[in-house]
Structure formats: structure tokens, C-alpha cells
Amino acid sequence: MEEILYKSTRSNSEPIKASEAILKGLADDGGLFVPEKLPKLEVSIEELAKMTYQEVAYEVMKLFFTDFTEEELKNCINNAYDSKFDTEEIAPLVEVEGKYFLELFHGKTIAFKDMALSILPHLMTTSAKKNNIKNEIVILTATSGDTGKAALAGFADVPGTKIIVFYPDGGVSQIQERQMVTQKGDNTFVVAIKGNFDQAQSGVKAIFSNKELAKLMDENGYQFSSANSINIGRLVPQVAYYVFAYSRLVKEGKIASGDLINVDVPTGNFGNILAAFFAKNMGVPIAKLICASNENKVLYDFFRTGTYDKNREFILTTSPSMDILISSNLERLIFKIAGSDAIKNKSMMDSLISTGAYKIDDKMKEQLDDFYGNYATQDESADVIKRTYEETGYVMDTHTAVAAVVYEKYVKDTGDNTPTVIASTASPFKFTRSVMNSIDPKYGKVDDDFELVDELAKIGNLEIPSAITEIRDAEILHNNKCEVAGMEDIVKKFLNI
Ligand SMILES: *Cc1c(COP(=O)(O)O)cnc(C)c1O
């Protein structure tokens, strides 16, 4: 097997090993780590079709994390994709009206971030061991809701780690807040800050770049790391489920091995769809990558015009995990279509920082033919939830709905009827209020989200996921609040330094 090293998207510094890239998260020059080349799958689709999720995941990840031993990687995989998931298949494919919903929400926090965040802690502690790091890893995360809980659940009680999560007080849903403040685990810390998400994010960045604090941490046997979506240790595990989905379609006789499929992804930070692009480059027969945005449609405009421009109003939508104006992972695609030219990529990223925009040239734009971008309004998303429920009984969440709307637009635009996998990124129980309001506005009168949960279970004939039943009566274990200016102090307090 060929060794894969990782280099930064922003400079020509020495490439590093996978375990080092996982520990660092972000390159020192501010760039993202990318594999020097994309490996090809070494097993046939027929063989993959006979494998379990864990086995497929191993076949994919071993090609990227080449400095992990077989035993190390299999341990990480088996610790991550186990009975924490409420289905043995881990990522089931559900056929609804000829489309295939790839349900990525069967993990602990019922959103797709579990697919990566249940394995990242194991990849990180294994990487620390491999690199002789004795310090305890302290994960710092700012969250607008989903990432925080998925990271807490992933790192809770993982030896050699601590995790501190900041969320904006009053800026997350009732269920999201409840999920976080009831988090168990002696190594978990949750803080509501008196500010918005951007302030939480900037506060975390400031703590990360504080050299004096880093020194104090090191003296006390700690070092920071990040669990955010640009870590290569989050991206690679996501490639696995696209390979898995294709192999299931073959296994179930829905397609023949070699037939093309399309993949449609509700997109925010561009991590999930980039993983599908990686899968395509590894040899999975994927034709179009359909990039679905909500009303924050920076990506739709980018694919249409070749200009990425974040200078626009930020819209709070019913798909909050996609309310993003800077899609960080897009940088990895830009780097690739710039011919892996770090200097060219950096000039565009500099322009994004200084002016909020950049433009790609025609030669780069030509390489985006695999992608189709479009967007869905909140009304269109609500409508597709209602229609699909009434016609089929299937209830989808508000993020998945964005992808479902864009899929309809794609078929209308192109007439292309290639079998399509839609990434289903959250359980409807995670966004119960918006889902129920879409089905019938009368639910708007119900005050308590948990009452709506019961109603959803009834009308959808669904079992309430344990992620919800567990938090319902769970004890509140975290009640920390702080000012934005007090974030560093509270970190020190938690670590006793
Ligand atoms: C994070 C998230 C997304 C967006 O995924 P990206 O990888 O950031 O594009 C979509 N849906 C849900 C439910 C999410 O939590």
C-alpha cells in the first residue's frame, strides 16, 4: 500500500503523516491538510457488497491513514461504530419514491456529525500515542448546536482527553441545549456564553492562538486540539459511507456494479459533499454531485458564476446547521482545481479574508462540471416535508428537505433520472418543531418541544430515539455561564491551572 502524506493548501511546507495531521487539525500557515494524492479502492464493488459497515470503513480509511497499523485502525473503527448506533447497518439506505435516503443519523446525537465525531477521539488518542505525546488533549469547540453535542458524546470518558464546549446562551434550540447540559462524563465541560455564535467562535480562536496559555498548558500536561470539520480525521470517515451506500445498492440489486449514481447533499461547510467527491475520485461510479444550499446560497452562486462572495445578509433558517457563509472545506476543492497550487489557492483565500470574496478563472471553473448547485427556500423545504409525509408516510428533517427540493429542481432542469442517493443528515426528532410546523401549522401553538416529539412519533409511526428519551428527564449536569471576555479564565478554572 502506498504511503499517503498530507500537505497544506496554503504553502509548500513539508508534508506530514496522517497521525500528525489529525493532531494538528489546521496547518501552521492557516491552510487545510490535503492528501498528496487520492488513493484508489483496492477491493471490488462485489467484495464491498459482502462487507459490514465497519469492514467497508476499514477498506477506505486504511488507504488514507497509512501510518496507522491494521490493529490500531480496526480498534478505532470498532470503538466508534458499535451499539452507540441504533441500527446494525450504521448507515441504512431507505428507498422513498425512487430516491435513496442514506440515513446518517442513527448515532448518539441523531445527526450526521456522529459519523465522524464518534471515531475522531479514537483517531486522536491513537495519533497522540503514535507520536509519543504525553500531554492530555483538550478539545475546545464553539457550537451553534449540532457539533457541540456530537463532539461531547464522542469524547465523553475517552481516556487522555477533555472537552470544553461553548454555545451562545439562547442561541440554540431547547432540545439542543438540553442535549448539551445533560452530558455525562467527568471530562466534559459545557458553558453558555453571553454572546452569539460568532463571538463564541472568535473567543475559541483567540484561546487557540494564545502562546502564553499554550506554554502554561504544556507545563501542566495539557495541549489543545480541535474537533472542527476541517480536521482530516473528520473528513476521511465520511468517505466511507458513500462507498458503503454504493455497495448496498449493488447488494440489494437496485443497480448493477459499475452503473452510475448521483449523490445529493445538504451542504453547509462543504465537508459532507467533499467526502462524496473523494469517493468518486477513489473509483465509486458517481456521476453528479448535487450541492444543495438553503437561503444562504453562497455555494449556488459560486457554482453558477465562479465567484465566491460572502458579503450578503446572513439568514437564520429552519436548517440552522447549514446557515453558513464561509464553507471552510471548499478550500480543499479550490486547491485541487487550482492544480494543487498552494500559492494560487492562498491568494484566493487571502482575498476571502480581506474582501470577503474571490473569483476562480475559467480553467478552474471547467473542472467543476461534476457539481450541480441549487438552493431551497424555507417554504419549499416545508412543502417537501409535508408532501412526502402525506404521500408516503416518510418524515424527513429540515436539512434533508433542502436536498430533496434541490433534487426535484435538478431533475426538472436536466431530465436526468440516474438513481440518486440523498444524504439524510438529521433525524426529524432533532428538529421536531420545524418539521411538525411544516406538516401542520397548528403545531405552532404547542409550547413544549417534547410534546411535539410525542406527536411526531404518533403521526410518523416512529420510535422516539433514545437520544431524545434520555435527555427528557435527565439531570442537568452543567450550568456554567460566562461573558465572552471570561472564556479563557473559565478554561483555566476547568483545568485547574
Ligand atoms: C453540519 C450539518 C450539515 C452540513 O454539513 P457540511 O459538511 O457542513 O456541509 C447538514 N445537515 C446537518 C443536520 C448538519 O448537522
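## Strand β14 and its partners

Strand β4 (residues 99–103) pairs with β14 in the parallel sense, over four bridges. Within this pairing, Leu-102 has Ala-423 of β14 as its bridge partner. The model is a predicted one. Strand β9 (residues 261–266) also runs parallel to β14, joined to it by three bridges. Here the bridge partner of Val-263 in β14 is Val-421.

How many of the five residues of β14 are buried? Five of the five, across residues 420–424, so the strand is largely enclosed by the rest of the structure. In a regular strand the side chains alternate between the two faces of the sheet. In β14, Thr-420, Ile-422 and Ser-424 point one way, while Val-421 and Ala-423 point the other way. Both sets are buried.

## After strand β9

Thr-267 sits in the loop between β9 and α12 (271–281). Thr-267 has a relative accessible area of 6%; the cut-off for buried is under 20%, so Thr-267 counts as buried. A polar atom of the Thr-267 side chain lies 2.9 Å from the backbone oxygen of Val-265.

## Ligand surroundings

The ligand has 15 residues around it, of which Lys-113, Gly-268, Asn-269, Asn-272 and Thr-425 come nearest. By class, the shell divides into five nonpolar, eight polar and two charged residues.

Which backbone atoms lie by an oxygen atom of the ligand? A backbone N or O atom of Asn-269 is 2.7 Å from one. For Asn-272, a polar backbone atom is 2.9 Å from an oxygen atom of the ligand. For Phe-270, the distance from a polar backbone atom to an oxygen atom of the ligand is 3.1 Å. Taken alone, the ligand exposes 380 Å², and the protein buries 97% of that area.

Helix α6 (120–130) is mostly covered, with nine of its eleven residues buried. The buried residues are Leu-120, Pro-121, His-122, Leu-123, Met-124, Thr-125, Thr-126, Ser-127 and Ala-128. Just after the helix, Asn-132 takes a positive phi of about 55 degrees.

Lys-134 lies in the loop between α6 and β5 (136–142). Is Lys-134 buried or exposed? Its relative accessibility is 72%, and the cut-off for exposed is over 50%, so Lys-134 counts as exposed. Lys-134 and Glu-488 are 354 residues apart along the chain, and their C-alpha atoms are separated by 23 Å.

## Overall dimensions

The secondary structure of the protein amounts to 22 helices and 15 strands. Its radius of gyration is 22 Å, close to the 23 Å given by the globule rule for 497 residues, so the protein is as compact as a globular protein of that length. Along the principal axes, the C-alpha atoms fill a box of roughly 60 × 55 × 45 Å. Of the 497 residues, 59% are buried.

Notes:
Residues numbered from 1 in each chain as written. Predicted model: local features only at pLDDT ≥ 70, side-chain atom pairs only at ≥ 80, totals over all residues. Heavy atoms only, no water. Near = heavy atom within 4 Å. Polar contact = N/O pair within 3.5 Å; in protein donor to acceptor, adjacent residues only side chain to side chain. Areas by Shrake-Rupley, 256 points an atom, 1.4 Å probe, with all protein chains shown as cover. Nonpolar A, V, L, I, M, F, W, Y, C, P; charged D, E, K, R; others polar. Buried < 20%, exposed > 50% of the residue type's maximum accessible area, 1.4 Å probe, protein only. Helix = DSSP H or I, 4+ residues; strand = E, 2+ residues; numbered from the N terminus. Pairing = 2+ DSSP bridges. Rg over C-alpha atoms; globule rule 2.2 N^0.38 Å.
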